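Welcome, and please take a moment to look around before reading on. The report below walks through a few features in turn.

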Amino acid sequence: MLLGCHLSIGKGFTGAIEAAENLSINALQIFSHNASSWKMKTITKEAASSFQTRFKNSSVKVVVIHTMYLLNPASPDEVLFERSVAALEQEVKRAGILGIDRIVTHLGAHKGSEIEAGIARIVTALDRVIASETFSSYKGVEILLENTAGTGTTMGASFSELGAIISALSDASRVGVCLDTCHAFAAGYELRTCEGLAETLETLDREVGLERLKMIHLNDSKYPLGSRHDRHAHIGHGDIGIEGFSLIVNHKALHDLPFILETPKKFDGQADADRINLDLVRSLRQE
Ligand code: MN
Ligand code: MN
Ligand code: ZN
């Protein structure tokens, strides 16, 4: 099973690999810099090559970069939009330099400019990144679009929006989707029953195509189905619950994808939350 979680790069990129090995995980998500700041420290050749060597010789098989939180490629504000396009291109470049083959990104919020306008902005932003020299230099890097909970005017809560964006791109050959279970559930997609999960995945297949689904963010939800609140809970301790996760991690369409936890880092005050959640997920897996 490809399983892991989001870990800090506080001790450097190689430090994150070491932390992943300590947790015995084979998949890892990181930020490439402080996710709440537009500033990106240059990745030196030395840092990149030591990471690449460390990664190659590690039990970690999958590494993904999550883009920064400030990005808003759906923004009607010209300055923020331009910054977002530039930052997205930089994230591709940082992944390429590190030898990481995917980045996952949120799609921002339309801020009242309406969904259609938001979709058009996102398509323009992605098309520009895809047409950039950076994107053609780092041919191994794919961009994964993450579904959202649909809070406020955030884009990408519905699979049809994701599908509309992807089908409008000039070249979507290196674009895929990351499905966040908390977000999908909060956006109204049932995951807790066999029939519900099947229907949700049928919808995803119809609107986007299951072949585009490349990764799962495995998070329980603090709020009920359709609440549109983006609040992650520990696996089995939220409204999706153990039964739901047991169906999700064993579903044949999802089985071989990397599962990445973005669950809270503390568990009743214990700092060992990742280990507890990871162990629980492993115990749900049937093979
Ligand atoms: Mn995310
Ligand atoms: Mn997520
Ligand atoms: Zn979330």
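A residue counts as buried when its relative accessible area is under 20%, as exposed when that value is over 50%, and as partly exposed in between. Keep this in mind while exploring, and note that the model shown here is a predicted one.

**A cysteine to start with**

By that cut-off Cys178 is buried, because its relative accessible area is 0%. Does its sulfur have a bonding partner, or is it on its own? What the search of the whole structure turns up is zero disulfides. A disulfide is a covalent bond between the sulfur atoms of two cysteines. For Cys178, the closest cysteine sulfur belongs to Cys182 and lies 12 Å away, which is too far for a bond.

**The barrel**

Next, follow the strands. Eight of them close into a barrel, running in the order S1-S2-S3-S4-S5-S6-S7-S10, with parallel pairing. On average, neighbouring strands of this sheet are turned by 30 degrees against each other, direction ignored. One of the pairings joins strand S3 (residues 62–66) to strand S4 (residues 102–105) in the parallel sense, over two bridges. There, His66 has Val104 in S4 as its bridge partner.

**The zinc site**

Which residues coordinate the zinc ion (ligand 3)? They are His183 (NE2), Asp230 (OD) and His232 (NE2), at 1.9 to 2.3 Å. Along the sequence these donor residues follow the spacing H-x46-D-x1-H. The site brings together distant parts of the chain: His183 sits in helix H7 (residues 181–186), while Asp230 is in the loop between strand S8 (220–221) and strand S9 (232–233), 47 residues apart. The manganese ion (ligand 1) is 5.5 Å from the zinc ion (ligand 3).

| Residue | Relative accessible area | Class |
|---|---|---|
| His183 | 2% | buried |
| Asp230 | 37% | partly exposed |

**An enclosed helix**

Seven of its ten residues are buried, so H9 is largely enclosed by the rest of the structure. The buried ones are Gly241, Gly244, Phe245, Ser246, Ile248, Val249 and Asn250. What covers them? Their cover includes H7, helix H8 (194–207), strand S7 (213–218), S8, strand S10 (259–261) and helix H10 (273–284). Two of these names have come up in the barrel order already, S7 and S10, and H7 is the helix that holds His183.

Technical notes
Residues numbered from 1 in each chain as written. Chains lettered and ligands numbered in written order. Predicted model: local features only at pLDDT ≥ 70, side-chain atom pairs only at ≥ 80, totals over all residues. Heavy atoms only, no water. Pairing = 2+ DSSP bridges. Helix = DSSP H or I, 4+ residues; strand = E, 2+ residues; numbered from the N terminus. Axes fitted to C-alpha atoms, helices over the stretch in contact; angles between N-to-C directions. Donors = N, O, S within 2.8 Å, 3.2 Å for Na, K, Ca; no water. Buried < 20%, exposed > 50% of the residue type's maximum accessible area, 1.4 Å probe, protein only. Contact = heavy atoms within 4.5 Å. Disulfide = S-S within 2.5 Å.
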